[in-house]
Amino acid sequence: MSLPGYNFAYLDEQTKRMIRRALLKAVAIPGYQVPFASREMPLAYGWGTGGMQVTAAVIGPDDVLKVIDQGADDTTNAVSIRRFFALTAGVRTTERTVEATIIQTRHRIPETPLTAGQILVYQVPQPEPLRKLEPRETETRRMHALAEYGLMHVKLYEDIARHGRITLSYDYPVLVNGRHVMAPSPIPSFDNPKMHRSPALQLFGAGREKRIYAVPPYTSVESLAFEDHPFHPWKANAPCGLCGATDSYLDEVVVDDRGGRLFVCSDTDHCTTRRAAGHRGAAAGHALAGAGE
Amino acid sequence: MNAPLLTVEGLSKDFTLHLQGGARLPVLRGVSLTVRAGECVALTGPSGAGKTTLMRALYGNYLPGGGRILVRHHDRLVDLAAASPREIVAIRRETVGYVSQFLRVIPRVPARAIVAEPLRAAGVDAAAAEREAERLLARLNLPERLWSLPPATFSGGEQQRVNLARGFAFPYPVMLVDEPTASLDPANAEVAVGLIQEAKSRGAAIVGIFHDADVRRAVATREHPVVPLAAAA
Amino acid sequence: MSDAPLLSVRELTVRFGRTLAVDRASFELWPGEVLAIVGESGSGKTSLLRAVHGDLPADGGRVQYRLDDGAPVALDALPEPMRRQLARTQWGFVHQNPRDGLRMSVSAGGNVGERLMAAGARHWGGIRAEATEWLRRVEIDPARIDDPPRTYSGGMQQRLQIARVLVTRPRLVLMDEPTGGLDVSVQARLLDLIRRLVSDLGLSVVIVTHDLAVARLLADRMLVMQGGRIVEAGLTDQVLDDPQHPYSQLLVSSVLQA
């Protein structure tokens, strides 16, 4: 069922067709930013309107939707977007990565490897990786058109000059399909390797900036670096306090007023699934553990 | 007799003063002159007769109005009056040298480098060019402490010695020398005379302006009077 | 000296609406040569330079450039990627205002290294070593390699811009009033630096200036422009000491002895 008075998945069919055309073009030219006529959504720009429009354009009645915000299924933004599509499209929702056919995400890629047939929809605040270095849109477009990406390395050069190493730890620029430099949205650089040759279809929507881009399944995604300063995905050097995982991206959580802190999996589904399977971390009994169970 | 290195045929030069209503000022008419290797021709005539104008025309600095200035450049004769600027640059680099009355000072460039520059331009390597520059500066009695300073603050005589050293650093086949001893003391004037004599004996063709009669007698093989046009008319 | 010109400009014309900014300008530039374009503001000299560089679309005429292999190419017939590649490797443009030629928020090292990275350099240490060497060559203390140019004085910014351009060893450098906004003492130092780099690297240079002393110091040949047209061309000292055209005479007589 869907909300009376609204079309399936909120957007009208013409708009969805327009977005699908942009998506097809984006898939055809991996990493290329396709302009699209971004619509007003019933929430403010910056809250995932780009991702929502992409999801609305690709979702069908049989899809199962998962929405995460920084890895968590239970934050306000994730909950309200999930509710939005439950209401307007009547689709089933889930918190389980393996069950979802479409996963809309803000700033994370799930730890559970994605599979063929799944679609990952990213919410993107700034689609232009060159923007901070070159403010002119006409010029950045030409740089993409001619694959003039020296400037991107200037940014990394600066980072090393200032800190002795590349400290950029999120929205780390990638070269897609050996051709277009792309902003992966503010995911941690830890997640960058998951994009490389992923069996899932990855779609990116920037509502305010009115751009859509895509990485089709099994496409090469290479993180930029220097020969003498190779790419290192960054991660806190600790196991998850709750599930004991050593290979997942961790959030640092302050747990009391005395400076006590705990590292826990940022991907709540991953952590919950592991704990259900009997994995235990050093702080397994902590009150935080209850929230996810 | 050896072939001439410099031949001037029917040279004329007017100045058109566009800012004075286009007034035409004739300075040279029908000047002809032949200079062979080992000769030093002294231009004579009263002040304002056009001696310096003629010298400057011979260097391509003034554009001749008519006539020819044939210079033996490598193995061919080039007419300076009709040569392209690039040809003139090449001729100045290797064939025709000019020792002017005043040194043109270049900010921050030390005396040694100023003297070595013509050698460097002609392709001599830096070390050899500097050695030759130092030899000439020493010969012209320029104190060694000045060699590595830019000549902007030098006295007139010191600047002129730097200028002479620069002018005689490269052995040009044709040399134009304008008042080389003007601001020199007798000892250094003697060195200047020596430099001109040596250039003659290595086979240079020299045209010069020498107001000092003693110097003129010492270096000139013959004189060539330049007659003021008003007087000639 | 090579007998084929590096750059050959034929009848180049630029219009701004109904104004003729550059009127059928023709000139050649040979390898290793420095050519000055002089004239008062509004004479079209900067427009001519920008049209040669391809920053301003020409309304007529053509610019021919001789590639490394000796083959002449008409710049307007060159595909844009190739033209831009040429512009950032074999060519350099030095702007009057260093802000137009530098990235003000990027460090000096990043500014100098950018053209290297654009050309594919991917070894950070190598890029940094090269940038350090170039800062030294333009007399900037290498200790300031990580400072952004906005913390530099005007003269230093201009020298940094020159380093940024020369790092790829261009064959052709176009300069638009490079000493324009600087104090006289700073100008002298910059001019001497340019003079030395030009002769050490054997650069071919077109330099636009309204300062006849700059032309005298740097240029082998010069062009005098008035109202978009080249009214006189010749050896620098000949044009300055024996100007033929009424406008050249006015220009030369208007300045204190250069």
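The model is predicted, so local features need pLDDT of at least 70 and side-chain atom pairs count only at pLDDT 80 or more, while totals for chains, interfaces and linings use all residues. Residues are numbered from 1 along each chain as its sequence is written, chains are lettered from A and ligands numbered from 1 in the order in which they are written, and side-chain values use heavy atoms, with hydrogens and water left out.

**Which chains touch**

- Two pairs of chains are in contact (heavy atoms within 4.5 Å), and of these two pairs, chains B and C share the most contacts.
- Chain A and chain B are joined by no contact, and their closest C-alpha atoms lie 34 Å apart.

**Chain C with chain B**

- Chain C brings 28 residues to this contact and chain B brings 23 residues.
- About 2100 Å² is buried between chain C and chain B, with 54% coming from carbon and sulfur atoms; buried area is the accessible area (1.4 Å probe) that two parts lose on being put together, summed over both.
- Six salt bridges are found across the interface of chain C and chain B, a salt bridge being a side-chain nitrogen of Lys or Arg within 4 Å of a carboxyl oxygen of Asp or Glu.
- A salt bridge links the side chains of Glu139(C) and Arg108(B), at 3.3 Å from N to O.

**Chain C with chain A**

- Here 21 residues come from chain C and 20 residues from chain A, and the two chains bury about 1800 Å² between them, 57% of it on carbon and sulfur atoms.
- Arg84(C), Arg122(C) and Trp124(C) supply 40% of the area that chain C buries against chain A, more than any other three residues.
- The interface of chain C and chain A has five salt bridges, and Arg84(C) also meets Glu148(A) in a salt bridge between their side chains (2.6 Å, N to O).

**Two helices of chain C**

- Helices are DSSP runs (H or I, at least four residues), numbered from the N terminus.
- The axes of helix 4 (residues 108-118) and helix 5 (residues 124-137) of chain C come within 9 Å and cross at roughly 120 degrees, where axes are lines fitted to C-alpha atoms over the stretch in contact and angles run from 0 to 180 degrees between N-to-C directions.
- Helix 4 and helix 5 of chain C are therefore oblique to each other, since angles under 35 degrees count as roughly parallel, over 145 as roughly antiparallel, 65 to 115 as roughly perpendicular and the rest as oblique.
- Residues of helix 4 of chain C, including Val112(C) and Leu116(C), meet residues of helix 5 of chain C, among them Ile127(C) and Trp134(C).
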